[in-house]
Amino acid sequence: MTRLTVNGCSVEVGCDPGTPLLDVLRGELGLVGTRFGCGVGLCGACFVLLDGRVTASCDTPLSAAEGRAVVTVEGLAPGDELHPVQRAILEEQAGQCGYCLSGMLISAAALLAAEPRPSEEAVVRALDGNLCRCGVQRRIVRAVLKAAE
Amino acid sequence: MSVTVGSDGLISVRAGKVELGQGVLTALAQIAADALGADLAQVRMLPARTGDGPDEGFTAGSMSIAHAGPALRADCARVREAFTVEAARRWGVPPDAVTVRRGVFGCGGLTATYGDLAEAVPLDREEPPPPGAFPHPPPPEPVVVGVSVPRLDLPDKVVGRPRFVHDLCLPGRLYGRVLRPPSPGARLVRLRPLEGVRVVRDGSFLGVLGETEPEADRALARLRKAAEWEERDTLPDERDLHAYLRTGPHETIAVLTTTDNPPAEPDTGGSPTTGEPPAGTVHTATYSRPFIAHASIAPSCAVARWNERDGTLEVWSHTQGVHPLRTALAQVLGHPADRIEVRHVEGAGCYGHNGADDVALDAALLARAAPGRPVQVRWSRQDELTWAPFGSAMSADVTAAVDATGMVCSWAYDVWSQGHVSRPGHRGFPGLLAGAHLEQPLTYPAAGEPSPASGGGMARNAVPIYDFPHLRITGHRLLETPIRTSALRSLGAFMNVFAIESFMDELALAADLDPLAYRLAHLSDERGREVLRRAADAAGWRGPGQGLGFARYKGNGAYCAAVAEVEAEHHVRVRHLTIAVDVGQVVNPDGVRNQIEGGATQAASWTLKERVRFDRRRITSGDWASYPILRFSEAPEVSVELVEHPGTPSVGAGEAAQGPVAAAIANAVAYALGVRVRDLPLTREAVLAAIERD
Ligand code: FES
Ligand code: FES
C-alpha cells in the first residue's frame with residue numbers, strides 16, 4: 001500500500017510502486033484530467049504538482065509520491081470554484097482541442113504561487129515545458145498575465 | 001431529421017460535422033440558434049454517429065461552415081416554421097402574425113416557448129414539412145451569428161472533466177496496445193510464445209490486452225522482446241528529396257495551361273515542348289518542403305466493443321468521418337456495415353488525416369478477441385510520429401519571364417509530390433494502417449490526388465492568384481512510395497504558396513520594386529487587394545525587411561495575407577505575424593481569430609523546425625527530441641485583422657494562413673540574411689548552408 005495525498009484527500013493505493021503516477025491518477029483514482037501525451041517527460045500534458053513542484057506524472061513512479069501531496073487540474077480550486085488561471089483561460093478563449101490545457105494550468109498555477117506578479121518572460125519560461133500543437137501559446141500567456149492582475 | 005425539441009425546451013441538434021478542436025460545434029450551434037429563433041443556451045449539439053444524423057462525409061478542407069451551415073440553417077428554419085404554424089393554430093392567428101425571439105413565440109400578449117409547443121409538433125415522427133408547405137413567417141433577426149460566443153467545450157476542458165475518447169470509461173474496459181513493425185518494410189518472421197500475456201495476432205499485426213493500462217504496457221514490452229522481424233531498406237535518401245520525388249513513375253496532372261508559349265521548360269525528364277521561346281528575361285528557382293507529421297499532443301485513441309448477442313460492433317472514435325470509417329471497418333473486418341455503429345468522441349486536435357481511423361481498426365481487431373468487453377487502444381508517441389500518415393514532401397520549379405519593367409509575361413510551375421489523400425474510402429480502399437499487416441492484407445495504396453472540385457492536393461493553390469498572361473501549371477504525382485502520406489492541413493497549398501510567394505519576392509527584388517506594390521500591380525481581385533492592404537497597414541509596412549505572403553485558399557476560399565517580422569542571425573526567430581483574412585460572413589469572430597492564430601503558429605513551426613527524419617530503413621523522428629515543434633519561447637505574437645464581408649458566403653479559416661505565413665517568414669528571413677533558403681525548414685543548418693553557398 002502506498003499512501004499519498006491527492007487534491008487534499010489522503011488515499012491509499014495498492015498498485016505496484018513502480019506504476020507511473022499518471023496511470024494511478026487516471027486508472028485507479030479516476031482523475032482523468034491529467035493527460036498522457038508522450039510518456040517520457042517531454043510534452044507536459046501529464047504535469048501535476050508534487051509538493052508544489054511541477055512534475056511529469058508519466059515518468060514519476062508511484063513510490064516517488066509516497067507520503068507527499070499531489071495536486072491535479074481537478075484540485076486547483078476547491079469545489080466548483082475556478083482557479084484564476086482557469087477563469088482567465090475561459091475569458092481569453094485560450095484553447096482549441098484543449099488536450100494540453102491541464103498541464104499548462106499546473107505550470108501556470110505553480111508560477112503564480114511562487115511569483116504572483118510574473119513578467120511576460122517569466123510566464124513564457126514557466127510554460128516552455130508544455131507543448132501545444134493547436135497553437136494557443138500566446139493566448140495562454142495573455143491568460144496567465146490576466147490571472148495575475 | 002437531425003433536430004429534436006424536448007418538452008423541457010432543450011433543442012438537440014445531431015450534427016454531421018465533428019468537433020476536432022476547431023470550435024465547429026460552437027459555430028454550428030450559433031447558426032442553429034439563430035435559424036430557430038432560439039436562445040443559444042437551449043441548443044445542444046450532439047456528437048455525430050452513424051446511427052442517426054446526417055452523413056456529411058468528412059469534417060475537412062475548411063468546408064464545415066460552408067457545407068453544413070446552410071443545410072443546418074434550412075433544417076432549423078423548417079423546425080421554426082412548424083412551431084410557428086402550431087402557435088398560430090392555437091391562437092387562431094395567421095402564421096405571419098407570430099414572431100419568435102430567444103425561444104419564445106409571441107403574438108399580441110400571447111406567448112409560448114419551444115417546450116410548450118413541443119408535444120404538438122411531431123418532428124421525430126415524420127419527415128419535416130417540405131419547404132414552402134406553409135406561409136413563410138419572416139426569419140428572426142440574427143442574434144448570435146457574428147458574435148464571439150465562447151466555445152461550448154472549453155469549460156469542461158479547463159477543469160479536467162472527462163471529455164476525450166481517452167477518458168471514456170465503460171464498464172469492464174480492457175486496455176489494448178499494438179506492436180507496430182519497426183519499419184515500413186518489416187515483416188514478422190517469428191514470435192516466441194509468451195506465458196501470461198493475452199496476445200492478439202493476425203499476420204504481422206500484433207497486439208496485447210491488459211486489465212489495466214500498466215498491465216497492457218508491460219505486456220507490450222514483453223511482446224516487443226518476443227517478436228522477430230525481417231527488415232528491408234525501402235526508404236529514400238532523406239537528404240535528396242528533390243531527386244526522390246522527381247524519379248517516377250508519375251501521374252501527370254495538367255492543372256492549367258493558358259498558353260502554348262510558357263516561359264521555359266524546366267528539366268522534367270527530357271520531353272521538349274513546342275512553342276516559341278518566351279519573350280523577356282527568364283528567372284527560375286526550385287523550392288521544397290520535407291515530409292511533415294501531424295504531431296498532435298494527444299495520441300490517437302479509440303474504444304471498440306463486439307457484442308456477441310447481436311453481432312454488432314460499437315466504435316468510439318475521434319475520426320473526421322464516422323460514416324466513411326464505418327464503411328472502411330466493414331471492408332477490413334468482413335462485417336456488415338449496418339452491424340457497426342461509429343460514434344464520435346473528441347480526441348486529439350486534428351489537422352488532417354491522422355491516426356484516428358487507424359487506431360479505430362486496431363481497437364476493433366483487439367476487441368474481437370475479447371467479446372463483450374470494451375477495449376481501449378491508445379497509440380504511443382512513437383506510433384503517432386512514425387505511423388500516422390505524413391503530409392507529403394514536395395519539390396517545385398517556378399519559371400517566369402518578365403518584361404523590361406519586371407512585370408510577369410509568362411509563368412510555368414511544375415510540382416512533384418506524393419499524393420495528398422488516402423483517407424478511408426478514397427478510391428474504394430479502406431486505407432487503414434493495420435489492414436496492410438494482416439494475414440489477408442488489405443494494403444493502403446499510394447495516396448491520390450483529391451478532385452479539382454475539392455481543391456486538389458498537390459495542385460492546391462498551385463495556380464497563382466495574379467493576372468499573369470500566360471500560365472502552365474503541371475503536377476507530377478509519385479505513384480510508388482514506401483512512405484504513407486495523406487491530408488495534412490492545407491495539403492499542397494502550404495508548399496505552393498510558399499514557392500509562389502517566395503518567387504514573387506525574388507522577382508520584385510530583381511526588378512527593384514517593393515514586394516507589396518509588385519503584388520498589387522499583378523492583382524485585379526478587389527477582395528484580394530483589400531486584404532493585402534489591410535495586412536500591410538496593420539503591420540505598418542516598411543517594405544523589404546518585413547516579409548509578405550498572400551493567397552486565396554483553394555482559389556475560392558479565404559483570402560489571407562501575412563506580414564512577418566523576424567530576427568535572423570544564425571537562428572531564425574519569428575517575432576510577430578500580422579495577418580489579414582477575409583472569410584466572407586463571419587459566424588464567430590473570436591473563433592476565426594483563434595483558428596488563424598493557431599494555424600499561423602503551426603505554420604511557423606513547420607516553416608522553422610519540422611522535418612520527418614529517416615534512414616534507409618526506419619523513420620527515426622519518433623519523439624519530441626527528434627521531431628521538435630515550436631515551444632512557448634518561440635511562438636510569435638500573432639495579430640489578426642478580420643476583413644468583413646457580411647452577406648457573402650462563409651468559408652473556413654482553419655487552413656488559410658498556412659501558405660501565406662510560410663512565405664512571409666521565408667521572405668523576411670531572406671532580407672534579414674541577404675540569402676534565400678528555398679528548402680524548408682529554415683533551421684540553423686539550412687541557414688548556414690545557404691550562407692555558405694552564397
Ligand atoms: S506525457 Fe508526461 S510529459 Fe508527456
Ligand atoms: S489546444 Fe490543442 S494541443 Fe493545445
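Predicted model: local features only at pLDDT ≥ 70, side-chain atom pairs only at ≥ 80, totals over all residues.
Helix α3 covers residues 101-114 of chain A and helix α5 residues 137-147, and the two pack at an angle of about 35° with their axes 11 Å apart. Helices (H or I, at least four residues) and strands (E, at least two) are DSSP runs, numbered from the N terminus. Axes are lines fitted to C-alpha atoms, for helices over the stretch in contact, and angles run from 0 to 180 degrees between N-to-C directions. The crossing of α3(A) and α5(A) is right-handed, that is, the near helix is turned clockwise from the far one by less than a right angle.

The next topic is the meeting of the two chains. Chain B brings 54 residues to the contact and chain A brings 46. Together they bury about 4200 Å², with 55% of that on carbon and sulfur atoms; buried area is the accessible area (1.4 Å probe) that two parts lose on being put together, summed over both. Val158(B), Ile297(B) and Phe632(B) supply 21% of the area that chain B buries against chain A, more than any other three residues.

Side chains of opposite charge can pair when their charged atoms come close. Eight salt bridges cross the interface of chain B and chain A, each being a side-chain nitrogen of Lys or Arg within 4 Å of a carboxyl oxygen of Asp or Glu. Over all chains, the structure holds 56 salt bridges. In one cross-chain pair, Arg138(A) meets Glu637(B) at 2.8 Å, N to O. Arg138(A) lies in helix α5 of chain A and Glu637(B) in strand β24 (residues 637-642) of chain B, so this pair joins two chains. Arg139(A) forms a salt bridge with Asp590(B), and their closest N and O atoms are 3.0 Å apart. On the side of chain B that touches chain A, α4 (154-158), α5 (213-226) and α13 (589-608) of chain B each supply at least two residues. Helix α13(B) gives the most, with ten residues. By class, this side of chain B has 25 nonpolar, 14 polar and 15 charged residues.

Some backbone details deserve a look as well. Most residues other than glycine have a negative phi, and most peptide bonds are trans. Asp51(A), although not a glycine, has a positive phi of about 50°, and it sits in the loop between β3 (47-50) and β4 (53-56) of chain A. The peptide bond from Gly248(B) to Pro249(B) is cis, with omega near 0°; Pro249(B) is found in the loop between α6 (241-246) and β12 (250-257) of chain B.

Residues are numbered from 1 along each chain as its sequence is written, and chains are lettered from A in the order in which they are written. Local features need pLDDT of at least 70, side-chain atom pairs count only at pLDDT 80 or more, and totals for chains, interfaces and linings use all residues, while side-chain values use heavy atoms, with hydrogens and water left out.

Note on methods:
Contact = heavy atoms within 4.5 Å. Nonpolar A, V, L, I, M, F, W, Y, C, P; charged D, E, K, R; others polar.
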